[in-house]
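Dear colleague,

I am passing on the structure below, together with some notes on what was found in it. Please keep it open beside you while you read.

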Amino acid sequence: QDPPAFTVRPKEEYFQEVGRELVIPCAAHGDPQPTITWLKVGSVGKSSAQVDGNSSLVLHPLIKEQHGVWECTATNRVASVTTATSVHVLGTSPHAVTNVSVLPLLLAANISWEPGFDGGYFQRFSVWYTPLVKHPPRAHHDWVSLSVPAGAQHLLVENLQPDTSYQFSVLAQNKLGSGPFSQIVTSVPRGFPVTTVPPEPPAMTVHVFLSPPRALRANETVRGVLLRWDPPAPSPVALSGYALELRQDKGGWEVLERSIPATDTQVLVPGLIKDAFYEFRLVAFAGSYISDPSNTVNVSTAGMEVYPSRTQLPELLPQPVLAGVIGGICFLSVAVIFSTMAACIMNRRRAARVRKRRQDPPLVFSP
């Protein structure tokens, strides 16, 4: 009997665009013949991996969630051996940043992090923070956001209130959209030394239940997908607005629009990808209170006419060329007007001379 030994090992890294097929080989021999299994490192529950007859890993179609490290394990009664490879899924929004840390300073805090995979495009970051009041909010609505300079992996947040708990999170974005928020980190900035005073008795906390938007529904229009809903049930606090979340093909939930006015009960979603499956849900927020998500509506764009989210004229005709065309048209229009006026004036003068000649008596010469 012999332990398993790999005859075919996968490469260290694979790069493939989202939606395409990726086949990663792996084979081994031994006595008895070993069994080949594949597992994504860090996955919870059963992964969506498929294995063909040659024990190769088949990822089709490739999705964003399959990005990461995959392990091929060969096992028989004697032993188990494992080899690993990294899969990089291109053409997606960025992955969440990791290892977010907050260093409390005097009326400030220094936030640092490690970037996640950029999805194949340049990514930029923003730091989001909010004071911790009443109860921790569930989402990143009404938070303050600060842009991070390009290439930086840390940011100093200043002008914070002393001895107040703050929540911090980091968001990555690229040309395809925003990735998920990082984990939330709570920290208390340091304040100036003060004389210790007896603490005040805790104030009574009033818990307000904000019901979610009701009866969310979707209709296909010539301009995109129109979402309609009914407002939440009345609550003691005034409604501030709504936030729309979506996820594509059973992926992670992402914020699509975070500033829908409280008076609106519909929103148009253009620019969806053809032949894709979308899920939408809505949350309401009033001050620091966040409702539970509404019911989820499913939208499939299979065979559906999909319109871009913005006009394509600037791409087809650059602004300098467009300005030149408009200027030329205006110049020609003015020239035509002046030419027409000049012709009318000349015709009137010529007609006046003809009438004058007809009215003057003819000259008679005596013999």
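Strand 3 and strand 7, the latter covering residues 57-59, are paired in the antiparallel sense through three bridges, and within this pairing Leu22 has Leu59 of strand 7 as its bridge partner. Please bear in mind that the model is a predicted one. The two strands belong to an open sheet of three strands, which follow the order 3-7-6 with antiparallel pairing. Its edges are strand 3 (22-24) and strand 6 (50-51), each of which pairs on one side only.

One joins Asp31 and Pro32, with omega at about 0°, and Pro32 sits in the loop between strand 4 (27-31) and strand 5 (35-40). Another runs from His60 to Pro61, with omega near -5°, and Pro61 is placed in the loop between strand 7 and strand 8 (68-75).

Further along, strand 15 (residues 166-174) is largely enclosed by the rest of the structure, because eight of its nine residues are buried. Strand 15 pairs with strand 12 (residues 124-131) over eight bridges in the antiparallel sense, and here Arg124 has Gln173 of strand 15 as its bridge partner.

The loop between strand 14 (154-157) and strand 15 holds Asn159, whose phi is near 60°, a positive value in a residue other than glycine. Asp163 is found in the loop between strand 14 and strand 15 as well, and Asp163 likewise has a positive phi, of about 55°, without being a glycine. Are these residues buried or exposed? Asn159 counts as exposed because its relative accessibility is 74%, above the cut-off of 50%, and Asp163 is exposed too, with a relative accessible area of 58%.

Lastly, Arg349, Arg350, Arg353 and Arg357 form a positive surface patch. One of them, Arg350, lies in helix 2 (residues 319-359) and is partly exposed, its relative accessible area being 46%.

With best wishes

Terms used:
Residues numbered from 1 in each chain as written. Predicted model: local features only at pLDDT ≥ 70, side-chain atom pairs only at ≥ 80, totals over all residues. Heavy atoms only, no water. Patch = residues over 30% accessible without salt bridge, like charges linked within 9 Å, V, L, I, M, F, W, Y side chains within 5 Å. Areas by Shrake-Rupley, 256 points an atom, 1.4 Å probe, with all protein chains shown as cover. Salt bridge = Lys/Arg side-chain N within 4 Å of Asp/Glu carboxyl O. Lys, Arg positive; Asp, Glu negative; His and termini not counted. Charge placed at Lys NZ, Arg CZ, Asp CG, Glu CD. Helix = DSSP H or I, 4+ residues; strand = E, 2+ residues; numbered from the N terminus. Buried < 20%, exposed > 50% of the residue type's maximum accessible area, 1.4 Å probe, protein only. Pairing = 2+ DSSP bridges.
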